[in-house]
Amino acid sequence: MTWTGQARSIVAFLLLTFAASVVPVVTHDLYKVDVATTILQDLILAMSLRVVMNLGLLNLAHTSLMGIGAYVSAALAMRLGMSFWLTLPIAAGAAALMALALGMLTLRLHGPYFFLLTFAVMSMIQLFFHSYLEEIFGGATGLIGVPRPNPLGFGSFTLPLVSKVSLYYLILAFWIAAAAVLIRLEYSRLGLQCAAVKQSEAVARSVGIHTIRCKLLVLSLSGFLAGVAGVFFAHSRGVINSSDFGIDPMLKLLVYVVVGGVSNFWGPVVGTIGFSVLSEYLRSFHFLETLMYGAVLIAVMRLFPEGITGACERIFAAARPGSVPSHVTAGA
Amino acid sequence: MSLLALENVTHFFGGLAAVRNLSFTVESGAIRGLIGPNGSGKSTVFNIISGYVPLSSGRVRFESRDITNRSTPSLVDLGIARTFQATQIFDALTVEENVTVSSQVIHRESLARSFLRTTVLDRDETHLSARAEEILDLVGLSGAARRIARDLPYRDQKMLALANAMATDAKLLMLDEPMAGLTMQETRAAMAVVRWARDKGTTILLIEHDMRCIMELCDSIVVLDHGEKICDGSPNEVRRNPQVVEIYLGADECSR
């Protein structure tokens, strides 16, 4: 929202990009690279979920949109033999279209109704992939043997995308693109309009903001990015099943975003990385993992209802009384 | 030619007619008052014109165009802006952000442009900011441009709501009790802002309970009671109308 905020976000973005790009250099442990790959993929999902939640829309169909990206891309690659680089935009576009349709269906609803309807849509999409068009989507078994992304070729030079490390750099590239778009959105005039819609839809309309259009756009963009994550998920794992896109991964994602903080751009990043690393350390304790997960969630919600980043913001603001953030049009 | 015309407008809340068969016009460049006791339907009239509640029957015309039941944002695009009785601003945004996001310059640009344009190094932004500054200066908020809106004192929040409505570049500005809760001195300042807007060519429709202020500001006044128009005329005519004196002014004078 603020120019200094944008500058800070760009610095954070560059630092994170650098840190992420040296992960496979620092560690040769392929398991760790695998974990980092999942984190980056979850980051795309969590950050794109956050922009929608930041408009006051709790979209429980977010992982379903990811599922559409995954299934459409996998089916096109397996049934029609299409290249990954062709299925990627088609499948992500399909997820964006689904998000748009979902928005048109539900956006005049508010509060719990939007949330309940997206829940219903999520169940329907999961059921669809589970039980219908079995010859295309594999039914209850799902799709097995989704091909790896086709090698990237520039003339005589080709880059195979088969090894874990190369897949890691592929998702890193996707994350960089997604984060760049979302940062642009956050600090653009459109982002300011979204912030106004979040504050009060009635007032936003009274000053002429086309609130529905604004929400549809953000929802579609969010769906597109979820679709990209889904495409990567399908082709990097090689196996997908409708349960990969059900309520469990959705709740996990929701916890990442809420615990990290919805109102701050970096909230979902803090939540996703924090929880992912924590659950890796707790993995050896099996049942304790879920227990600790719940305990952390309760603790954070009790102590910082606005999430970890929200609490940090509050502490910083209190430490500098009278200080006010500078502004979008500061340079004008 | 009248800027705004209501023709036999009726609105029902369930079985209750909040506004019944109401017709009046607002002439271009005028300050028009809309008064009546509490519950007489004034705010409902505002909600109808600004597209917040649908009409049960009747028509609303703006610049002789039929605008009945159009959406609020599209009405703002046409040039109709409003404030609310309970002050409504974007609490968590700064004063400057409030005015910026309310500005028509932003709404008229394409979504792609508003997404791609950097917010700072942009020539339009200079223009926008100059306009925002002029408005903020006028309502006495230029010194508070970087403050978060919710931290402002009550008076300033009211002024910010007024500034937001003005930033939309409206031809018709509908103000719902802009003076409510202000001190005498603050009311004077608010009145000066309303006059300034009118002198800039903005037409004003004003709901206000402060009779002195209404009588002083308005060129003509519509009086509502139980959702029906009981009087329409100059401040002097309204003051002398026995029905108005009985149901409204009389009671108001007695309570003072």
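Analyst: B:Ile221 has a relative accessible area of 0% and is therefore buried, the cut-off being under 20%. The model in which this value was computed is a predicted one. The residue belongs to strand β9 of chain B, which spans residues 220–225.

The surroundings of B:Ile221 can be listed once neighbours within four places in sequence are set aside. On that basis, B:Ile221 is in contact with B:Arg32, B:Gly33 and B:Ile35, and also with B:Ile214 and B:Met215, among others. As for B:Leu205, a separation of 16 residues in sequence from B:Ile221 corresponds to a C-alpha to C-alpha distance of 9.3 Å.

The chain that holds this residue may be described as a whole. Chain B contains eleven helices and ten strands. Of its 256 residues, 56% are buried. Among the contacts in chain B with a separation of 6 or more, 66% are between residues 24 or more positions apart.

Strand pairing in chain B can be followed from β1. Strand β1 (residues 2–13) runs antiparallel to strand β2 (residues 16–27), and eight bridges join them. The two strands form a hairpin with two residues between them, and B:Gly14 in the turn has a positive phi of about 60°. Strand β1(B) is also joined by five bridges to β4(B) (residues 57–62), again in an antiparallel arrangement. B:Leu6 illustrates both pairings: its bridge partner in β2(B) is B:Phe24, while in β4(B) it stands opposite B:Val60.

Among the buried residues are A:Arg189, A:Gln193 and A:Cys194, together with A:Leu190, A:Leu192 and A:Val197. The N-terminal end of α9(A) is capped by A:Ser188, a side-chain oxygen of which lies 3.2 Å from the backbone nitrogen of A:Leu190.

A:Asn54 is placed in the loop between α3 (30–53) and α4 (62–80) of chain A. Its relative accessible area is 14%, so A:Asn54 counts as buried. The side chains of A:Asn54 and A:Lys198 are joined by a polar contact of 3.1 Å. When residues up to four places away in sequence are not counted, A:Asn54 touches A:Val262 and A:Ser263 as well as A:Lys198.

The surface of chain A presents another picture. A:Val25, A:Val26, A:Leu30, A:Val165 and A:Tyr169 form a nonpolar patch there, with about 440 Å² of accessible area together. Helices α2 (23–26) and α8 (164–187) of chain A each supply at least two residues of this patch. A:Leu30, one of the patch residues, lies in helix α3 of chain A. Because its relative accessibility is 42%, A:Leu30 counts as partly exposed, whereas B:Ile221 is buried at 0%.

Note on methods
Residues are numbered from 1 along each chain as its sequence is written. Chains are lettered from A and ligands numbered from 1 in the order in which they are written. This is a predicted model: local features need pLDDT of at least 70, side-chain atom pairs count only at pLDDT 80 or more; totals for chains, interfaces and linings use all residues. Side-chain values use heavy atoms; hydrogens and water are left out. Helices (H or I, at least four residues) and strands (E, at least two) are DSSP runs, numbered from the N terminus. Buried means under 20% relative accessible area, exposed over 50%, partly exposed in between (1.4 Å probe, protein chains only). A polar contact is a pair of N or O atoms within 3.5 Å; within protein, one must be able to donate a hydrogen and the other to accept it, and residues adjacent in sequence count only if both atoms are side-chain atoms. Contact means heavy atoms within 4.5 Å. Patches are made of residues with over 30% relative accessible area and no salt bridge: like charges are joined within 9 Å, nonpolar side chains (Val, Leu, Ile, Met, Phe, Trp, Tyr) within 5 Å. Accessible areas come from the Shrake-Rupley method with a 1.4 Å probe; for residues, only the protein chains shown count as cover. A salt bridge is a side-chain nitrogen of Lys or Arg within 4 Å of a carboxyl oxygen of Asp or Glu. Two strands pair if DSSP finds at least two bridges between them.
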